[in-house]
Amino acid sequence: MIRFTGGFMNARNSLLVALAALAMGANCRNVDLPEEVTFLKGGAAASGAGIQVNLSGGTTTTESGVTATFAVSLNTKPTANVTITLTSDNTAEGQLRRTSGTCDSAGSVAVGSCTLTFTDANWLNPQNVTVVGQNDDYADGNIAYKINLTATSADSDYNGKTATANLTNNDNDTAGFVATPASGLATKDDGSTATSKIKLLSKPTANVIFSVKSDNTGAGDVTTPASKSFTFTDANWSTSQNLIVTGASTIADYKIVIDGSVASSDPNYNGITGTVFHTGIGVKNVTAGSKFIFFTSSAYSGNLGGISGADAKCNADSNKPNGSTYKAIIALSGAGGRVACTTGNCSGGPGEHTDWVLYPTTQYTRTDGTTVIGTTTANGIFTFALSNSVGGGSSPWTGLSTTWTNLYACPSWTGTSGSATAGSTGSKTDTMLDGGYGGGFGLSCSSNYPIYCAEQ
Ligand SMILES: [Ca+2]
Ligand SMILES: [Ca+2]
Ligand SMILES: [Ca+2]
């Protein structure tokens, strides 16, 4: 009987159909046809042997790993197996997923080539191929590339047939510089320093050289590198180099800006504009008569690593404005402890201190160098209200009561059980020290909060 099935009609079947039609002209009801006769759905005309690539699923991959999947099929039924080898013409931009050499959209390995096999049984079924966008560190733009398909088969109609999938791998890199921090630096008129870490945003194809300068050397200037010149190569582009500025006698804001222009044989970097050095890295030169208090940008559980761990977190924090050493305003009783007062507001004087971190009769400011928080008493504590809060709306761990005595600490600040006293960075009153959280018992040591840090 005649079978009407989906798919394409090859030349041999076309002939059989034509013969059958002649026979049917005499008596349609009594004609038998060979079972392998196949008709196209809808009666469309067949095309010759060839590889079909269906790119309707998209032609874009990205350096961030976005994939493109396309379907491969044959035009006609082959007389022998057809093996199609797919090869990326640019494995730096796009590679093929495969399993044991066979193209496999679920395969986990991205490689430069893989194969698909079509038989006389499965040739009608499109097979999916997945291409994985490859990453590089260059600002190389969106790159067009090809997946080339070549057939090998004992079927001479198919052997040597080719096709191409044209794809594009989108870039995710830009040329430029990173400065960390790029603002909020503070130097002092006693020659105190501040440091920013400099590196490139993308790998250059040639050395990148530029110089920097202060726009107000009376307030401060670049002291490291001594040459005021940076060189980044394709090997060290992502390794931070120190930019150290040193305060001078003038109390003023200043900026570190580019001196001249960026020189490189890499056209992406040569003469580049609009970088952080064109905007300028802001520094504030303030009087050495005051010190800074800030709270950390990072939040931590009650396991701070003890007092020494808390101090280390202050000194590693990105909110730290200058090159000074900082210590955490946090209390702990016992060995390795830190105590401001053993009686309310240090009624017994500064002799109540253990490893205390605020200096007596010293003005403290925010990291802007001008917003005064307050001046400590001879006992090295603030009396409330403050002139200004430390700023922001966080609840830093303190372990302090509202009168500077020790209250609840997490287990030696080395564990996460229980609760501990935490203050309020936005408060000018004694809730700076103890916000009264948890019905007075403080905040859970398993939750994360910042810490106050005081300049030494
Ligand atoms: Ca990239
Ligand atoms: Ca790139
Ligand atoms: Ca690329």
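Predicted model: local features only at pLDDT ≥ 70, side-chain atom pairs only at ≥ 80, totals over all residues.
User: Which residues are the protein donors of the calcium ion (ligand 2), and where do Asp 140 and Asp 173 lie?

Analyst: The protein donors are Glu 63, through two OE entries, together with Asp 136 (OD), Tyr 138 (O), Asp 140 (OD), Asp 171 (OD) and Asp 173 (OD), and they lie 2.2 to 2.6 Å from the ion. Asp 140 sits in the loop between β9 and β10 and Asp 173 in the loop between β11 and β12, so this pair ties together parts 33 residues apart in sequence.

User: How is the site of the calcium ion (ligand 1) to be read from its angles?

Analyst: For six octahedral donors the ideal angles are 90 or 180 degrees. Here the six donor atoms make angles of 48 to 164 degrees, and the site is irregular. The donors, which include Asn 135 (OD1) and Asn 172 (OD1), lie 2.2 to 2.9 Å from the ion.

User: What is the distance between the calcium ion (ligand 1) and the calcium ion (ligand 2), and which residue coordinates both?

Analyst: The two ions are 3.8 Å apart, and Glu 63 coordinates both. Distant parts of the chain are also linked by Asn 135 and Asn 172, which are 37 residues apart; Asn 135 is partly exposed at 47% relative accessible area, and Asn 172 is partly exposed at 38%.

Notes:
Residues numbered from 1 in each chain as written. Chains lettered and ligands numbered in written order. Heavy atoms only, no water. Donors = N, O, S within 2.8 Å, 3.2 Å for Na, K, Ca; no water. Tetrahedral: all angles 85-135°; square planar, octahedral: opposite > 155°, others 65-115°. Helix = DSSP H or I, 4+ residues; strand = E, 2+ residues; numbered from the N terminus. Buried < 20%, exposed > 50% of the residue type's maximum accessible area, 1.4 Å probe, protein only.
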